[in-house]
Amino acid sequence: MSKAVKIILAGEGGQGVQSVAEIIAEAANEQGREALYIPNFGVEQRGGVSVAYLQIGDQPIGAPKFQTGDIVVALSDRAVHRTRQYVGPDTVFVYDSGIEGVEDAIPTNAKKVLPIPAIKVAKEELHPRVFNIIIMGAVIKATGVVPEDRAKEAIEKKLGYKFEKNPELRELNFKAIDRGAELVAGTL
Amino acid sequence: MSDKPIQGEKRVFMTGNEVVAYAALAARAEIMYGYPITPQNEIMHYWTRMAPKYNREFLQTEDELSAGFTTLGGVLAGKKAFTATAGPGNTLMQEPLSMAEAMRLPSVVVVQQRGGPSTATVIYSQQEVTLTTLGGNGEGLRVVYSTSTHQELFDYTIKAFNTAWKYKFPTFVLGDGYQAKMRESLTMYDPGEKGIELIPAEAYLGKPGTPGVDRPPAHYRNTYNVEEELYEVLQGHFKDYEKMAPEVTEYESFGVEDSTLVVVSHGVVARAAKEAVRELREAGVKVGYFRPITLRPLPEKQLREAAARAGRFLVMESAQGQLGRLLKEAIFGAPVEMIPFYKPGVGITSEEVVDKVKATI
């Protein structure tokens, strides 16, 4: 029985980690796979680190949360500190290379640590608003939980109504998936 | 206007709160009464969004006391009525639900447990087990289903209405904040198409005919002048409850026959236990899994058998021994060692179950 792939996405509110987790989960479900996604939630309306727990497999998923992720993605300095606890010897730890002052907090027990310039690529090549979609591209490439075309279908389903009004947005989002995938391709 | 919110079978991917709203629609619930509290708010939100399309109703009350009592009012009027709550709201709900026990009103309550005591966290716990099974100034004359998957949230919400209207005891679906907020797949269906007969509601008051001549008088009381009269009425309730117990009791277990240790858990924690016990058994570890689905009444007979076979229970729950206490009462005198693994207000992962079993066995 192959085990479910366990993914943690963490960032500041507004970075869109929950949307990414939800879209990946829905893409996996559409494909007929088992998926479970749960956000952290509390009484804070703002100010907390946003963490998404996502599992995708071929058997019914067990507990909604887990101790160690197969891939842990941290998108802010606070997210790096918050997600260290989910890293183990089999974890690929991904963080944005633009985050400053976290050198001492980067986990040393990971299978692999992967800094990627997602914020920079979003700002300079695409658009800051697709930053989270770049991350999504990187996550699905690194884990193989859903194929890229499925991810694009899921984005279409979610944002299609916006694309109707502005077709350039579609292209921007799909490019973001591709660029995200490129950032991790060949590194794993 | 379609009468059936769900046609055929439909695989969906949604939050547990949304599942409950759909299940209540599918069960032909006619009205929800409610007061918002996290983490169950979206049950109300989805219900109010969908209800008008299917001629169903909703009333928001000023608090949970009122939500509970208006639910009973709906039932007295012959409506399939329900409410949903959590935490401090569940505390307030016990007063009306105690009246439901007294007057045998088939009210349905969905609880999504949050941390306690008091406001504590809005997130998750299994700390409302004592309250939900035995709350109120009464004897716990109620049925409590503890669900563990979205499929079960759907199935047991439908079942809760049938249990309530068949046996006339208040019936609870006990979920939690994780189940409320997480998304996973399930298959929704119309109960009728699946061969599930929905027991119709009937009015308690205003029935045709002359009371005492054509039919027994509708005499629903929660007040008695004489001690002996109360005693006598309660004996009738206890008898009905005892007769019902074997018919509604549900549990799930495997690997109990050949094990010297059985992991006992309920609700969402049972997901971790199930995954861990399966994995351990595949690796040759002799450990069993037992999960009561009804926390009230508990599957006492099967628990006693499992206790006698294995000799040791590892009791795992997100509370400081609330399930543990129920188990001790249910199997009092059985030759079993109860090993606690209690994490009040915090989730339990399958990794933790594996580690604890390995350390214990």
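Modeller: Let us begin with the contact between the chains, where two residues count as being in contact if their C-beta atoms, placed from the backbone, lie within 7 Å. By that rule, chain B brings 20 residues to the contact and chain A brings 19 residues. This is a predicted model, in which local features need pLDDT of at least 70 and side-chain atom pairs count only at pLDDT 80 or more, while totals for chains, interfaces and linings use all residues. Residues are numbered from 1 along each chain as its sequence is written, and chains are lettered from A and ligands numbered from 1 in the order in which they are written.

Biologist: Which element gives the largest share of the side of chain B that touches chain A?

Modeller: Helices (H or I, at least four residues) and strands (E, at least two) are DSSP runs, numbered from the N terminus. On the side of chain B that touches chain A, H9(B) gives the largest share, with 4 residues, and the elements that each supply at least two residues are H7, strand S8 (183-188), helix H9 (269-282) and helix H12 (350-360) of chain B.

Biologist: How do strands meet across the two chains?

Modeller: Two strands pair if DSSP finds at least two bridges between them. Here strand S2 (residues 34-39) of chain A runs antiparallel to S8(B), joined by 2 bridges, and A:Tyr37 stands opposite B:Arg183 in S8(B).

Biologist: Why is one side of S9 and of S14 of chain B left without a neighbour in the sheet?

Modeller: The open sheet has 5 strands in the order S9-S11-S10-S13-S14 (chain B), with mixed pairing. Strand S9 (251-254) and strand S14 (337-342) of chain B are at its edges and have a single partner strand each, so one side of each lacks a neighbour in the sheet. Strand S13 (residues 312-317) of chain B pairs with S14(B) in the parallel sense over 6 bridges, and B:Leu314 has B:Ile339 in S14(B) as its bridge partner.

Biologist: Which strands does each helix lie across, H9(B) and H12(B)?

Modeller: For the angles, axes are lines fitted to C-alpha atoms, for helices over the stretch in contact, and angles run from 0 to 180 degrees between N-to-C directions. H9(B) lies across strand S10 (262-264), strand S11 (288-292) and S13 of chain B, at about 160° to S11(B), whereas H12(B) lies across S10, S13 and S14 of chain B, at about 155° to S13(B).
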